[in-house]
Amino acid sequence: MTRTSAQRFKSALLAVGSVLLLSACGGAGGEEIGAVDTVFKFIGPDHKIVVEAYDDPKVSGITCYVSRAKTGGIKGAFGVAEDKAEASIACRQTGLIIFNGKPLEKQEEMFSERISLVFKKLRVVRMVDTKRNTLVYLTYSDRVIEGSPQNSVTAVPVPAGTVIPVK
């Protein structure tokens with residue numbers, strides 16, 4: 001099958017956009033598990049929903065899966081698009097739960113990732129519910145001027161007998 005000039009142009013834009021995006025971000029966030037296209041874009045990458053896995057850096061055995069929109073098109077190809085503020089999160093025990101190092105804060109940001117060139121970030125905050133021996137994870141986006149009330153929450157119960165070390 002031969003590729004049309006439009007397909008070659010789109011592939012070239014994707015390659016250039018990926019290089020620029022990686023250099024602008026200084027590294028990737030989570031490990032991409034998969035993605036589905038939601039809107040076809042003739043020039044540049046399609047709009048899509050991506051699912052990424054983030055391992056909790058202070059608690060081995062817990063992985064958070066975050067799904068979010070990624071804007072395509074020319075702006076998306078060059079890393080200057082502003083992604084939607086909506087995201088969903090599901091954290092699960094994926095191994096033996098081991099607390100690495102120091103006690104956990106009662107509430108702390110686990111990770112964040114830019115979703116616009118300058119002003120907007122997607123954040124995941126870990127909270128400790130000591131009464132129920134559970135770790136609660138909240139995802140939301142914020143912006144320098146105005147954040148979004150849209151959020152998603154999930155919880156991972158820690159096995160009975162395992163105490164969550166809290167400051």
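Predicted model: local features only at pLDDT ≥ 70, side-chain atom pairs only at ≥ 80, totals over all residues.
**A guided reading of the chain**

Followed along its sequence, the chain shows the pattern α-β-β-β-α-β-β-β-β-β. In total, two helices and eight strands are present. The chain has 167 residues, and 37% of them count as buried. Its accessible surface comes to about 9,700 Å², and carbon and sulfur atoms account for 59% of that surface. Contacts also link parts of the sequence that lie apart: among contacts between residues at least 6 apart in sequence, 52% join residues at least 24 apart. The following paragraphs present examples of such links.

A disulfide is a covalent bond between the sulfur atoms of two cysteines. The count for this structure comes to one disulfide, and the bond joins Cys-64 to Cys-91, with an S to S distance of 2.0 Å. The link of Cys-64 and Cys-91 is right-handed, with 105 degrees about the S-S bond. Because Cys-64 belongs to strand β3 and Cys-91 to strand β4 (residues 87-99), the pair ties together parts that are 27 residues apart in sequence. Are the two cysteines buried or exposed? Cys-64 has a relative accessible area of 0% and is therefore buried. Cys-91 is likewise buried, with a relative accessible area of 1%.

Strand β3, which spans residues 59-70, also holds Gly-61. The relative accessible area of Gly-61 is 18%; since buried means under 20%, Gly-61 counts as buried. Leaving aside residues up to four places away in sequence, Gly-61 touches Arg-92, Gln-93, Thr-94, Gly-95, Leu-96 and Ile-97. One of these, Arg-92, is 31 residues from Gly-61 in sequence, while the two are 8.3 Å apart in space, from C-alpha to C-alpha.

A second kind of link is formed by aromatic side chains. A pair of aromatic rings is described by the distance of the centres and the angle of the planes. The structure holds one aromatic pair. It consists of Tyr-54 and Phe-111, whose ring centres are 3.9 Å apart and whose planes meet at 15 degrees. Why is this pair stacked? Planes under 30 degrees apart count as stacked, and the angle of 15 degrees for Tyr-54 and Phe-111 therefore meets that condition. Tyr-54 lies in strand β2 (residues 47-55) and Phe-111 in strand β5 (residues 107-114), so this pair ties together parts that are 57 residues apart in sequence. Both partners can also be placed by their accessibility. Tyr-54 counts as buried at 6% relative accessibility, and Phe-111 is buried with a relative accessible area of 16%.

The last stop is Thr-139, which is found in strand β7 (residues 134-143). With a relative accessible area of 1%, Thr-139 is buried. What does Thr-139 touch, not counting residues up to four places away in sequence? The residues are Ala-87, Ser-88, Ile-89, Leu-122, Arg-123, Val-124, Gln-150, Asn-151 and Ser-152.

Notes: Residues numbered from 1 in each chain as written. Heavy atoms only, no water. Helix = DSSP H or I, 4+ residues; strand = E, 2+ residues; numbered from the N terminus. Buried < 20%, exposed > 50% of the residue type's maximum accessible area, 1.4 Å probe, protein only. Contact = heavy atoms within 4.5 Å. Disulfide = S-S within 2.5 Å. Areas by Shrake-Rupley, 256 points an atom, 1.4 Å probe, with all protein chains shown as cover. Phe/Tyr/Trp six-rings, centres within 6.5 Å; stacked < 30°, edge-to-face > 60°.
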